[in-house]
Amino acid sequence: VVKVGILTDMSGPYSAMGGRGSVVASQMAVEDCLKAECKGMKIEILSADHLNKADIAASKAREWIDRDKVDAIADLTNSSVALSVQKLMKEKGGIAMFSGPATTRLTNEDCSPNGFHWMFDTYSQAAGTAAALTKLGQKSWYFVTVDYAFGHSLEKDASEVVKHNGGTVLGAVRHPLNASDFSSFLVQAQGSKAQVIGLANGGADTVSAIKQAREFRIGSGKDQRLAALLVFLSDVHALGLETAQGLVYADGFYWDYDDRSRAFAKRFEALNKGAKPTMVQAGVYSSVYHYLKSVAAAKSDDSKIVAQKMRELPIKDFVMNNASIRPDGRVIHDMYLVQVKTP
C-alpha cells in the first residue's frame with residue numbers, strides 16, 4: 001500500500017487556500033492515476049490539521065512515518081511547519097512535497113534530496129509582483145510583514161527585487177500571524193510616504209489587511225498604492241471585487257486559463273462545495289499525481305529511488321505542462337502575472 005499524508009491548515013488563516021480542498025485535490029490525483037499509470041496499485045490518503053504549529057506538525061509527521069508507514073507528505077502550508085517536516089523527512093526518509101509554504105529556505109540552506117517545492121515561493125511572488133510594479137515607476141516601498149519565517153523571506157526577496165530594479169525600501173513593520181487589527185501597522189506604513197505598501201503576508205492576514213486599508217482609504221490614492229505579494233483566488237472571493245479590484249499578483253495556476261484547467265476546476269468545484277481550486281490545491285494535485293506516477297514507473301516506494309524517478313520524469317498534468325525539477329528540489333514551471341478585474 002502506498003500512503004500519502006496531507007498535512008495542512010484545516011481551521012486557521014490558510015484553510016481556504018489549502019485545508020479540505022487540498023485533501024480533495026489529492027483524492028482526485030489518486031483517482032486519475034489509478035485509471036492510468038497506477039492501475040492495480042493500492043493507495044491511501046491520510047489527512048491532519050497542523051494548527052500552524054511546527055511542533056505539532058513534526059509530531060504528526062513522525063507518527064505517520066513510524067506507526068502508519070506513510071510514504072509521502074504533501075501540502076504543508078506554513079513555512080515553519082514545512083521546515084520542521086523537511087528536517088524530519090531528511091532524517092527518516094520519505095518524500096515531502098510543498099505546495100503551501102513559501103520560504104525559499106526549502107530549496108536553499110535547508111534543501112533535501114527528498115524534498116520538493118512544488119508551486120510557488122517567496123522569490124516567485126517577488127519576481128512577479130514587486131518587479132512589475134517597480135518597473136512601472138512605483139519605486140519606493142514599505143512592507144507590512146507577518147512575523148515568522150515566511151514573512152521574513154517574502155520581505156527579503158521582494159526588497160532585493162525592488163532594489164535590483166532601481167527602487168528603494170523605506171522600512172518595514174512586523175505583525176503577528178492571524179492578526180485581527182492592522183490599523184496601527186497600516187498607519188505607520190502610510191506615514192512612510194512610500195509609493196507602495198507591500199503586504200508580505202498571506203491568507204486571512206492579507207484579506208484583513210486589505211479590507212482595513214480600504215476602510216481607512218490607505219493605499220488607494222494616486223501617490224500610494226497597496227500591493228499584496230501573496231494572493232490566492234480564495235482571497236479575491238473573500239474580499240469581493242469592490243475591495244480587491246486592481247490588485248496585481250503572481251499566480252502559479254488559474255482555473256480559467258484553458259480547456260484543460262477548466263475541466264479540472266469543474267471536477268474540483270463539484271467536490272469542494274462550489275469553490276474553484278487555488279494554486280496550493282492545484283499544486284497538491286500535481287505533486288501527488290507526479291509522486292504516484294513515479295512510484296509506478298520505479299516499481300518501488302523506496303524514497304531514494306522514487307526521488308530520482310521524480311526528477312527524471314517530466315511533470316505533465318492538468319496543472320502544469322512539461323515542468324521539471326531542479327537538483328535542489330525546486331519545480332520549474334510557468335507563473336502568471338494577473339490583475340483582479342473591476343466589478
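Mentor: Buried means under 20% relative accessible area, exposed over 50%, and partly exposed in between, with a 1.4 Å probe and protein chains only. The model is predicted, so to speak of local features requires pLDDT of at least 70 and side-chain atom pairs count only at pLDDT 80 or more, while totals for chains, interfaces and linings use all residues. Residues are numbered from 1 along each chain as its sequence is written, and side-chain values use heavy atoms, without hydrogens and water.

Trainee: Which residues of β10 point one way, and which the other way?

Mentor: Strands are DSSP runs of E (at least two residues), helices runs of H or I (at least four), numbered from the N terminus. In β10, V248 and A250 point one way, whereas Y249 and D251 point the other way. All four are buried.

Trainee: How many bridges join β10 to β13?

Mentor: Two strands pair if DSSP finds at least two bridges between them. Here β10 and β13 run antiparallel and are joined by four bridges. Within this pairing, D251 stands opposite Y336 in β13.

Trainee: What is the strand order in the open sheet of four strands?

Mentor: Strands of a sheet pair through backbone hydrogen bonds, either parallel or antiparallel. In this sheet the order is β7-β6-β8-β9, and the pairing is parallel. Its edge strands are β7 (168–175) and β9 (225–228), each of which pairs on one side only. Strand β6 (residues 140–146) pairs with β7 over seven bridges in the parallel sense. There, Y142 stands opposite G171 in β7.

Trainee: What volume does the largest pocket have, and which residues lie nearest its centre?

Mentor: On a 1 Å grid over the protein atoms alone, a pocket is an open set of points with protein on both sides within 12 Å along at least five of seven lines; a cavity is a set where a 1.4 Å probe fits but cannot get out, and lining residues have an atom within 4 Å of a point. Points are joined across faces, edges and corners, and a volume is the space filled by probe spheres set on them. The largest pocket has a volume of about 310 Å³. Of its 13 lining residues, L233, V236, Y254, V340 and K341 lie nearest the centre. The elements giving two or more residues to this lining are α8 (233–239), β10 (248–251) and β13 (336–339). The largest share, three residues, comes from α8.

Trainee: Which residues lie nearest the centre of the second largest pocket?

Mentor: They are Y257, V319, M320, N321 and Y336, out of 16 lining residues. The second largest pocket holds about 260 Å³ of space. Y336 is also the residue of β13 that stands opposite D251.

Trainee: How many cavities of 30 Å³ or more does the structure hold?

Mentor: The structure holds one, and the volume of the largest cavity is about 50 Å³. Its lining includes Y14, M17, F120, Y148, F150 and L230.

Trainee: Is E155 buried or exposed?

Mentor: E155, in helix α5 (residues 149–164), counts as buried because its relative accessibility is 13%.

Trainee: Where are K273 and N322 placed, and what is their phi?

Mentor: K273 is in the loop between α10 (259–271) and α11 (279–298). Its phi is near 55°, a positive value in a residue other than glycine. K273 counts as exposed because its relative accessibility is 75%. N322 is in the loop between α12 (303–312) and β11 (324–325), with phi near 55°. At 52% relative accessibility, N322 counts as exposed.
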